[in-house]
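Subject: Structure handover

Hello,

Here is the structure I said I would pass on. My notes on its rings and one of its pockets follow below it.

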Amino acid sequence: INLSTGFSYTKLPGIINNEEAITDNYTYSGGIVLASNVSEYIDFNLSYNINFNNAKSTVEEGDNKYINQAAGFQTNFLTKNGWFLQNDISNQSYTGMYDGFNQSYWLWNAGIGKKFLKNRAAELKLSVFDLLKQNQSISREVTSSYIEDSQSQVLQQYFMLTFTYSL
């Protein structure tokens, strides 16, 4: 079990409508990870992180608070004859942002493959990314004069076949 906490503070000076402005940006974060390597054939990782953000300006009234949460579960299974299955499921959640940006989505990636040759030096794996076709990219930028929420286009579901050889 791994616990983490954090705090950051940023003071952003600027000028808004010819008036000196200071924006104080506070970020509090915390998380927990439960990981286990049950055996050489099974391991898993369960995690949760949360970030509370609060921006206060000397010019604009009110606080600007938003929360980002991430939860995930990863598993790896390996058989004695070299077959393996990998699974990675996570959820991202945004609240307190501008209209259209308060959302929650799931991201599921998986892979299946085979390790072979002497000492399992070679690996052939078929992976699929974004099985649920929900992947998104949401971000917030806080400056002394504005707060901007944005969403970028991201690569949607795709498959990949990889061959790896370890020297």
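Tyr26 has a relative accessibility of 21%, so this residue counts as partly exposed (buried is under 20% relative accessible area, exposed is over 50%, and partly exposed is in between, with a 1.4 Å probe and protein chains only). Before the rest, note that this is a predicted model, in which local features need pLDDT of at least 70 and side-chain atom pairs count only at pLDDT 80 or more, while totals for chains, interfaces and linings use all residues. Residues are numbered from 1 along each chain as its sequence is written, and side-chain values use heavy atoms, with hydrogens and water left out.

Which ring pairs with Tyr9? The ring of Tyr26 does: the two centres are 5.0 Å apart and the planes are at 40°, so the pair is tilted. Rings of Phe, Tyr and Trp (its six-membered ring) pair if their centres lie within 6.5 Å; planes under 30 degrees apart count as stacked, over 60 as edge-to-face and the rest as tilted. Tyr9 is in strand E1 and Tyr26 in strand E2, so this pair ties together parts that are 17 residues apart in sequence. Strands (E, at least two residues) are DSSP runs, numbered from the N terminus. At 38% relative accessibility, Tyr9 is also partly exposed. Phe7, Tyr9, Tyr26 and Tyr28 make up one aromatic cluster, and the structure has five aromatic pairs.

Two charged ends sit over rings. Lys115 has its charged end over the ring of Phe84, 5.5 Å from the centre, and Arg140 has its own over Tyr98, at 5.2 Å. The test is that NZ of Lys or CZ of Arg is within 6 Å of the ring centre and within 35 degrees of the ring normal.

Phe84 and Lys115 come up again in the second largest pocket: 13 residues line this pocket, and those nearest its centre are Asn76, Leu78, Phe84, Gln86 and Lys115. On a 1 Å grid over the protein atoms alone, a pocket is an open set of points where a 1.4 Å probe fits, with protein on both sides within 12 Å along at least five of seven lines; lining residues have an atom within 4 Å of a point. Strands E3 (42–57), E4 (63–78) and E5 (83–95) each give two or more residues to the lining, and E4 gives the most, with three.

Regards

Technical notes:
Helix = DSSP H or I, 4+ residues; strand = E, 2+ residues; numbered from the N terminus.
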